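Please walk through this structure with me, one region at a time. Keep the sequence and the 3D view side by side.

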Amino acid sequence: MNSKKRKKINTLSNTLLHHLNIDSPIDNIYDLVRELGGNIKEEDLEDGMEAKIVKNNEEEYKFTIYLNPDTLNEKRRRFSIAHELGHLFLHMGYLIDENKWNNITKYEDSVYYRFGHNEEEYEANEFAASLLMPEEEFKEVARQHYSKGYYSIGPIAEHFKVSEHAATNRGRWLDIFSWE
């Protein structure tokens, strides 16, 4: 994914946070899904998938995010939900491209899975990272946890309620942390 696309995705997540008046770090991502008109259900998913998103046409909820109940780590669940929201906005057009959203019928046959390594998966990961760890706030929190030439990843991750792995990757993509 090029830097222009990355910047566009970060702008989209920041716009979403701003327009929905959501404070960062997101306290309850389950509530956010409900505010957006969605639902979260636990279901055994095929092939070890952690999550998937499905458009609902004639139900109370506009979309459902399915989580594999075996994904026990709450930080991982938060990132998986944010990842699926990335697919919702970026690839399904929800609230962004009315024509695209309306032309998706029962969205099951080509469900976007958080499984695999293609461009859409990388974009959804970028969206999740930027939604859960907005760039400017991330930079400020990282500065607060910098001492003697090192960043203390644990407190940064705890601030955003994400794994140390997610926080490290975010710092790398923002050119704050080294790739070594």
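The paragraphs below go from a helix to its neighbours, then to rings, a pocket, a strand and some loops.

This is a predicted model, in which local features need pLDDT of at least 70, side-chain atom pairs count only at pLDDT 80 or more, and totals for chains, interfaces and linings use all residues. Residues are numbered from 1 along each chain as its sequence is written, and side-chain values use heavy atoms, with hydrogens and water left out.

Start with helix α8, which spans residues 164-173. Helices and strands here are DSSP runs, numbered from the N terminus; a helix is H or I over at least four residues, a strand is E over at least two. Which residues of α8 are buried? They are Ala166, Ala167, Thr168, Arg170 and Gly171. Buried means under 20% relative accessible area, exposed means over 50%, and partly exposed lies in between, with a 1.4 Å probe and protein chains only. What covers these buried residues? The cover includes α1 (3-19), α3 (74-91), α5 (119-132), α6 (135-144) and α7 (153-160). Contact means heavy atoms within 4.5 Å. Just after α8, Asp175 takes a positive phi of about 60°.

Now turn to the aromatic rings. A pair of aromatic rings is described by the distance of the centres and the angle of the planes. Rings of Phe, Tyr and Trp (its six-membered ring) pair if their centres lie within 6.5 Å; planes under 30 degrees apart count as stacked, over 60 as edge-to-face and the rest as tilted. By this rule there are nine aromatic pairs. Take Trp173 and Trp179: their ring centres are 5.0 Å apart and their planes stand at 80°, so this pair is edge-to-face. Trp173 is partly exposed, at 45% relative accessibility. Trp179 is partly exposed too, with a relative accessible area of 48%. Elsewhere, ring pairs link Phe63, Phe89, Tyr94, Trp101 and Phe127 into a cluster.

Charges also sit over rings. The test is that NZ of Lys or CZ of Arg is within 6 Å of the ring centre and within 35 degrees of the ring normal. Arg6 lies over the face of Trp173, at 3.9 Å from the ring centre. Lys52 lies over the face of Tyr66, at 5.5 Å from the ring centre.

Next comes a pocket. On a 1 Å grid over the protein atoms alone, a pocket is an open set of points where a 1.4 Å probe fits, with protein on both sides within 12 Å along at least five of seven lines; lining residues have an atom within 4 Å of a point. The second largest pocket has a volume of about 200 Å³. That volume is the space filled by probe spheres set on the points, with grid points joined across faces, edges and corners. Its lining includes Lys5, Lys8, Ile9, Phe89, Leu90 and Asp97. Helices α1 and α3 each supply at least two lining residues. Which helix gives the most to this lining? It is α1, with five residues. By class, the lining has five nonpolar, two polar and four charged residues. Here Ala, Val, Leu, Ile, Met, Phe, Trp, Tyr, Cys and Pro count as nonpolar, Asp, Glu, Lys and Arg as charged, and the others, Gly among them, as polar.

Look now at strand β2, residues 51-55, where Ala51 lies. Is Ala51 buried or exposed? Ala51 is buried, with a relative accessible area of 0%. Ala51 and Asn68 are 17 residues apart in sequence, and their C-alpha atoms are 6.0 Å apart in space.

Finish with backbone geometry in the loops. Most residues other than glycine have a negative phi, and most peptide bonds are trans. The peptide bond from Ser24 to Pro25 is cis, with omega near 0°. Pro25 sits in the loop between α1 and α2 (29-35). Asn21 is found in the loop between α1 and α2. Asn21 has a positive phi of about 55°, although it is not a glycine. Asn21 is exposed, with a relative accessible area of 68%. Lys161 lies in the loop between α7 and α8. Its phi is near 60°, a positive value in a residue other than glycine. Lys161 counts as partly exposed, at 28% relative accessibility.
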